[in-house]
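Here is a short briefing to read with the model open beside you. Take it topic by topic, and keep the viewer handy.

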Amino acid sequence: MKADNKRNNNGIFLKLENIKKYFPVQKSLIDQIFAGKIDYVRAVDDVTIHIKRGEAFGLAGESGSGKTTIGRLAIGLETLTEGTVIFDGIDLGKLTAEELRKLRRRMQVIFQDPMASLNPRMSLGDAVMQGLKIHYPEKSAEHRDMVLTLFEKVGLTPPLFYYNKYPHQISGGQRQRIVIARALITRPDLVLADEPVAMADVSVRALLLDLMVQLKKEFDLTYLYITHDLATAKYICDRIGILYLGKLAEIGTVQEVYQHPMHPYTKALLAAVPVQDPKKRRTEPMPKGEIPNSINPPSGCRFHPRCPIAKKDCAKKEPILREILPGHIVACHYAETNL
Ligand code: SF4
């Protein structure tokens, strides 16, 4: 089925081109009349990312960086303020609601909180079968077997033991396996994994990440992996984009960005990642203060009020993304000196 869907897009499977998402700020009628203008939260502010088929691309940053909004825009769960999202050659902005609904079979989500995303009154078998009922109604006689086979693949064995159970009767790690099975049951091409192991116990995180790596190979998946945790991103991603206040600060292969981070924000995030060998611990200072308000982002470089190496011109001139090393792109006036 996947082979039929493949198109020639020069290897780019998901293209986010200059995307913006501004949310209007809710105000009282009186405030609206006196203010005379609408304020917007600039959640995503001109971001371009190209993801290849079969790639695991990570988006990382603090909360408020815009990573979850980008994920939702990428699969058409949010409408764009500006820009385009091209999925396998298809411009999502030009689809009707019905066309987008049909395309959803190929774009599925693994949510962060399995308890919140599963219906407590629906058995695990029924929860996973929902996608088949919507997208493959003609195969209803095979639905049960398809669910049982997938239970086995995600490590819920014996599958019949889990089929009629309910979410509260299994562990958190097993619930996340159900959420993974529910995402994969429609045989998607793209999976948006939004902090997929953040709620899991530390002891089961590595097992779930291993499972995701294995399923990616087996199902020929492309991942958009959203996280605030650079340690898990390193484990699963091929490339990573570091976001700050709705803009990309740095982008490159995981190997390159983790070994030679050039943006002070990336350096600070990496310094917070625990390492086994204390000699290998990074010592960069953490950013000062909190992430600023994205209604009125700081002038020039948005990171300048928190940047430990900011200079005078940083508050005046906005840095553009520049390719400093092959495939390693950074938005900092002083990226070269940070090497
Ligand atoms: Fe820091 Fe200036 Fe680079 Fe921004 S442009 S990250 S403020 S050094």
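**Sheets, ligand and loops**

Strand E3 (residues 56-60) and strand E9 (residues 239-244) run parallel and are joined by four bridges. Strands (E, at least two residues) and helices (H or I, at least four) are DSSP runs numbered from the N terminus, and two strands pair if DSSP finds at least two bridges between them. This is a predicted model, in which local features need pLDDT of at least 70 and side-chain atom pairs count only at pLDDT 80 or more, while totals for chains, interfaces and linings use all residues. Residues are numbered from 1 along each chain as its sequence is written, and side-chain values use heavy atoms, with hydrogens and water left out.

**The eight-stranded sheet**

- E3 and E9 belong to an open sheet of eight strands with mixed pairing, in the order E6-E7-E8-E3-E9-E10-E12-E11.
- Strand E6 (107-110) and strand E11 (322-325) are at the edges with a single partner strand each, so one side of each has no neighbour in the sheet.
- From one strand to the next, the twist averages 20°.
- Helix H9 (residues 172-184) lies across E6 and strand E7 (190-194), running at about 175° to E6; axes are lines fitted to C-alpha atoms, for helices over the stretch in contact, and angles run from 0 to 180 degrees between N-to-C directions.
- Helix H13 (residues 264-271) lies across E9 and strand E10 (247-253), at about 105° to E9; contact means heavy atoms within 4.5 Å.

**The four-stranded sheet**

- Four strands make an open sheet with antiparallel pairing, in the order E2-E1-E4-E5.
- Its edge strands are strand E2 (40-52) and strand E5 (90-91), each of which pairs on one side only.
- E1 and E2 run antiparallel and are joined by 10 bridges; the bridge partner of Lys21 in E2 is Val44.
- E1 and E4 pair in the antiparallel sense over five bridges, and the bridge partner of Glu17 in E4 is Thr84.
- Strand E4 (residues 82-87) also pairs with E5 in the antiparallel sense, over two bridges, with Ile86 opposite Asp91 in E5.
- Helix H3 (residues 67-74) lies across strand E1 (12-24), E2 and E4, and runs at about 120° to E1.

**The ligand and its surroundings**

- Where does the ligand sit? The ligand is in the largest cavity.
- On a 1 Å grid over the protein atoms alone, a cavity is a set of points where a 1.4 Å probe fits but cannot get out, and a molecule sits in it if more than half of its atoms lie within 2 Å of its grid points.

**Loops worth a look**

- Lys317 is placed in the loop between H13 and E11.
- Not counting residues up to four places away in sequence, Lys317 touches Gly300, Cys301 and His333.
- The C-alpha atoms of Lys317 and Arg302 are 9.9 Å apart, and the two residues are 15 residues apart along the chain.
- The peptide bond from Thr157 to Pro158 is cis, with omega near -5°; Pro158 lies in the loop between helix H7 (143-153) and helix H8 (159-163).
- Arg187, in the loop between H9 and E7, has phi near 55°, a positive value in a residue other than glycine.

Methods:
1 Å grid on protein atoms, 1.4 Å probe; cavity = no way out; pocket = protein on both sides within 12 Å on 5 of 7 lines; lining within 4 Å.
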